[in-house]
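Please examine the sequence and the model shown here before reading on. The explanation below leads through selected parts of the fold.

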Amino acid sequence: MKKPEISCIPCPVFLSVKAMYLFQALSYGTAPYPKKVAGQLQVLNFACWSIAPMWLGFALYYFNDPKLSAVVHIDFTMAAIVAGIPLLHRFGSLAAPVAFYAVSYPATFVVCYLLGTDSGMQIHYLGFAACAALIFGITPILPSLVLAIIALAFIVALEIFAPNDGGRLSEVAMLASFVACVLGTGAVMFSVVFYAISQAARSEAAAEFEYKRSELLLQNILPSAIADRLKARASKTIADRYDHVSILFADMAGFTEGAGQVSAMELVSFLNDVFTEFDGLVELHNLEKIKTTGDNYMVVSGLPVSRSDHAAAIVQLGIEMLEATSRMRDAHGRPVSIRVGISTGPVVAGVVGMKKFFYDVWGDAVNVASRMESTGLPGRIQVCPKTYRCVEGLFDFEERGPIEIKGKGKMSTWLIKGPRAT
């Protein structure tokens, strides 16, 4: 029998898992703090766990030399202290950074004084100064500036007071120490800066993702052209007049009566299914959905970008909405029936409010469209005289006759039968 093949974890996945564990380790003790402070403390963790091995390495290198016993003791002690500094995060955001510099500055000075400046130990202060800006940040700049000035002061003091050669190292050992200090400090500085930049890149990528998500959300709330104007803040008020648009209202017949007979989850799920289908049709015809109110759905054609076929496009949308709902069933398993009303005329459109703002349209044509829907018939599209005159050559109609329209009196209306055969 053939043995089953064991697939290996792809290399990129393995590396990403390793990176995840490394990030978790470097995040030790930083979780309780704000994101910015946590990032700075993660840089400190990285610095501590990079520098501690250097102290340990020097201790092991000098271990068998009796002339360097004091240096070895300092190195071992510093390796243990620096490695454990992240444990101080529990005592506040400044405890670990202050402890790191409080022990590192004098210890480096003493070791450099004992070995001599030819050992290159003073170079560590350049690394400490560079890391200060990453660990303490630059707002405010004072802590980082003070630590950098102190580092320079220690370098100058060593050059003035410390011997070039403390007499504890041979010429070869002194050269090796200098090279090790240069390479070690350079490697730690590069690693810490690289880690800080990678963290900044992660934050920038997260910010870019959030920006794109907010942009998408804004575009879903407002037409693209209106959203661009709102972001540009060219004017405090966004209001435009459109002389030739068509408005559609759709409402589910019998929805209000049956809404109380189903659970909230079923009701919302049903409305979501219906309106998602409508949204797809609106996008397909490049029209503008304005809002939904309860089970009422409102669409406008001809704004914010004018189009000559505004009436024909929205009538075709209404036909396809009827076709879509004819294939649906409500929460009770009954066929879904909608009334559709359409009117044509001038409107004013604009953005209203500062919080939870919305884009809406106003005008007599909006009121007429609402009346066309409310006085219409289930499963039919009722249009006003202006819409009829715009599309009478494109669709077949059934004249309904004058009906009473609130605020308008008697008005002739038409029911659409479908596209006219060519």
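The model is predicted, so local features need pLDDT of at least 70 and side-chain atom pairs count only at pLDDT 80 or more, whereas totals for chains, interfaces and linings use all residues. Residues are numbered from 1 along each chain as its sequence is written, and side-chain values use heavy atoms, with hydrogens and water left out.

Helix 6 comprises the 20 residues 142–161. Helices (H or I, at least four residues) and strands (E, at least two) are DSSP runs, numbered from the N terminus. The expected span of a helix is 1.5 Å times one less than its number of residues; for helix 6 this gives 28 Å, which agrees with the 28 Å between its end C-alpha atoms.

Within helix 6, S144, L147, A151, I155, A157 and L158 are buried. Here buried means under 20% relative accessible area, exposed over 50%, and partly exposed in between (1.4 Å probe, protein chains only). Viewed down the axis of helix 6, the buried residues fall within an arc of 165°, so they line one face of the helix; the arc is that of the directions from the helix axis to the C-beta atoms. An α-helix has 3.6 residues a turn, so residues three or four places apart point the same way. The buried residues of helix 6 pack against helix 4 (95–115) and helix 5 (124–136), where contact means heavy atoms within 4.5 Å. On the other side of helix 6, L142, I149, L152, I160 and F161 are exposed.

The structure also holds 10 salt bridges, each defined as a side-chain nitrogen of Lys or Arg within 4 Å of a carboxyl oxygen of Asp or Glu. R339 forms one with D251, the closest N and O atoms being 3.2 Å apart. This pair links distant parts of the chain, since R339 lies in strand 4 (residues 338–352) and D251 in strand 1 (residues 239–252), 88 residues apart. Both R339 and D251 are buried, and together with E373 they are linked in a network of salt bridges.

A further salt bridge joins E277 to R327, with the closest N and O atoms 4.0 Å apart. E277 belongs to helix 10 (residues 264–284), and R327 to the loop between helix 11 (310–326) and strand 4, 50 residues apart. E277 is partly exposed, at 31% relative accessible area, while R327 is exposed, at 61%.
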